[in-house]
Amino acid sequence: MKHFFSKYGVLLLVVTVLLAVLLSALSYFSATSSILRNAMGVVSTPFRAAASGVTGWFEDKRRYYADYSALVEENQALREELAALRSDEQQAQHDREENKLLRELLDLREQRRDFVFESAKVLEHSASNWTRTLTLNRGTSHGVAVNNVVVSSEGYMIGIVTEVGLNWCAVQELVDTDTEIGALVFRTGDVVIAEGDFALMQKNRLKVTYLPPETALLVGDYILTSGLGGYYPSNITLGTVERVETDDNGLAQYAVLAPLVDFDALTEVFIIKDYEIVE
Amino acid sequence: MLTRRDIIIKWTTICAAALLLQLMFSLLLGGVAILGVHLFLPPLIVGIIASLEDTHAGALFALGCGVLCDLVLPGLFPCLYTVAFALSALACSYLAKNVVQPGPLCSLIVSALTFGFVDVLVMLSLALTDHAPFVGMLSVALREMALSCLLVPACHPVLTYLHKKFTL
């Protein structure tokens, strides 16, 4: 065995170490994506798009036939939700008018949220069991940059752009273990942290940690981005609280957060390239 | 003894076959999760080829595959597959030349071994950076390995046929 590895292993080890250092250095010194990854991304984008198109077509057909009864139930539930939302909308209309009147009386500036969106198609859902990423068909040539926020058509947060190539970008999904976002509880205004967790990632969930001691989270509480630090825009919905648990050492509590997005069903998303919020 | 032209044709064909296998896998099983895990084909191809071919050639193929995977797939660190595939190719080659005769059983063992190398590096990385629970990681790794190894009967005949066609 010793002879085998001394005969074959040393040269291979040297080449492996050199390649590993090269790949790591290229990745470390790049602000968007390493030059080699960028090139491979550009070359593989058409193939990914083709594969995504074929699998998407099969998935559509499967869902069309498999989910009919579920769709009927969902339709009924949505009708009930719509009725409730119509009632809320009437109340909201009244509140908006009252709010406008009060702002005029107090001479307050109007709140404004300007987002610059870029629509993108999902080329690939990562098939890795260790990370959760999406590959989109937009890149630096469309003005996309690292740390841009990606949202669904309903405005729910999907993830953060972590790598950008010429015509592609990689998005780290909200449930990935590397996620760490400043957040707040909509009902109470408490500032918390939303972070990925390996065990919860397998169930499409993430953790809400650093809960202030006086915070009493309720199931269904909305968790939004806090916008603190200016990295990401504020008030983008991350998800709702599913349950509250005590951590392993029994000292602190954390909440399990259920994102409002079905990551596996995403085909079209929106990248927030730039934003201005006046509050 | 193969001429340079034969060697080029052989490895071009093997690379094309590997890409074709990956493409077919992506089309048929790409987005499918079984028992909560996605199957992963590259370790199978790397392990089987390393067990069939000469040690240097198998290791170089594994290095190439590793670099390609690191450049195309999302990974926990930039050289994950390069390191894991190169080391596993060496181990697979040793196993095939000294312990188990190349064949279906050997392909199954080397595939599991290659997964072992990848998963150990992944688990170490996750444990150090995210303090992920060991039991949870092990469960995912074992499910991924066991289910992906079910694809050995599809890969082994193709790669063995190419090996025999160009070598014997």
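Trainee: How many of the 7 residues of strand 11 in chain A are buried?

Mentor: Keep in mind that this is a predicted model. Strand 11 of chain A spans residues 253-259 and is mostly covered. The count of its buried residues is 5 of 7.

Trainee: Which strands of chain A make up the closed barrel, and in what order?

Mentor: The barrel has 6 strands with antiparallel pairing. Its neighbouring strands are turned by 40° against each other on average, direction ignored. Going around chain A, the order is 6-7-8-11-10-9.

Trainee: How many bridges join strand 10 of chain A to strand 11 of chain A?

Mentor: Strand 10 covers residues 237-246 of chain A and runs antiparallel to strand 11 of chain A. Within this pair, A:Arg243 stands opposite A:Val256. The number of bridges joining strands 10 and 11 is 7.

Trainee: Which residue in the turn of the hairpin between strand 10 and strand 11 of chain A has a positive phi?

Mentor: The two strands of this hairpin have 6 residues between them. In that turn, a phi of about 75° turns up at one residue, and its name is A:Gly250.

Trainee: What stands opposite A:Leu206 in strand 11 of chain A?

Mentor: Look at strand 8 of chain A, residues 206-209, which runs antiparallel to strand 11 of chain A. The two are joined by 3 bridges. Opposite A:Leu206 you'll find A:Leu257.

Trainee: And over at strand 7 of chain A, which residue stands opposite A:Glu180?

Mentor: Strand 6 (residues 180-185) and strand 7 (residues 191-195) of chain A run antiparallel, with 5 bridges joining them. The residue facing A:Glu180 from strand 7 is A:Glu195.

Trainee: Is A:Ser30 buried, exposed or partly exposed?

Mentor: A:Ser30 sits in the loop between helix 1 and helix 2 of chain A. To be buried, a residue needs 20 or more C-beta neighbours within 10 Å, and an exposed one has 12 or fewer. A:Ser30 has 17 inside 10 Å, so the label is partly exposed.

Trainee: What is the C-alpha to C-alpha distance from A:Ser30 to A:Glu163?

Mentor: In sequence, A:Ser30 and A:Glu163 are 133 residues apart. In space, C-alpha to C-alpha, the gap is 9.6 Å.

Trainee: How far apart are the centres of domain 1 and domain 2 of chain A?

Mentor: Chain A is divided into domain 1, residues 67-106, and domain 2, residues 115-279. Taken over C-alpha atoms, their centres are separated by 24 Å.

Trainee: Which element of chain A gives the largest share of the side that touches chain B?

Mentor: The contact takes 33 residues from chain A and 34 residues from chain B. On chain A's side, the elements that give two or more residues are helix 1 (2-28), helix 2 (35-66) and helix 4 (198-201). With 11 residues, the largest share comes from helix 1.

Trainee: How many charged residues are on the side of chain A that touches chain B?

Mentor: That side has 17 nonpolar and 14 polar residues. The charged ones number 2.

Trainee: What pattern does chain B follow along the sequence?

Mentor: Chain B has 7 helices and 2 strands. Read along the sequence, they come as α-β-β-α-α-α-α-α-α.

Trainee: What radius of gyration does chain B have?

Mentor: A compact globule with 168 residues would come out near 15 Å, and chain B agrees with that. The C-alpha atoms of chain B fill a box of roughly 50 × 30 × 30 Å along the principal axes. As for the radius of gyration of chain B, the value is 16 Å.

Notes. Residues numbered from 1 in each chain as written. Chains lettered and ligands numbered in written order. Predicted model: local features only at pLDDT ≥ 70, side-chain atom pairs only at ≥ 80, totals over all residues. Domains from an automatic or database assignment. Helix = DSSP H or I, 4+ residues; strand = E, 2+ residues; numbered from the N terminus. Rg over C-alpha atoms; globule rule 2.2 N^0.38 Å. Contact = placed C-beta atoms within 7 Å. Nonpolar A, V, L, I, M, F, W, Y, C, P; charged D, E, K, R; others polar. Pairing = 2+ DSSP bridges. Axes fitted to C-alpha atoms, helices over the stretch in contact; angles between N-to-C directions.
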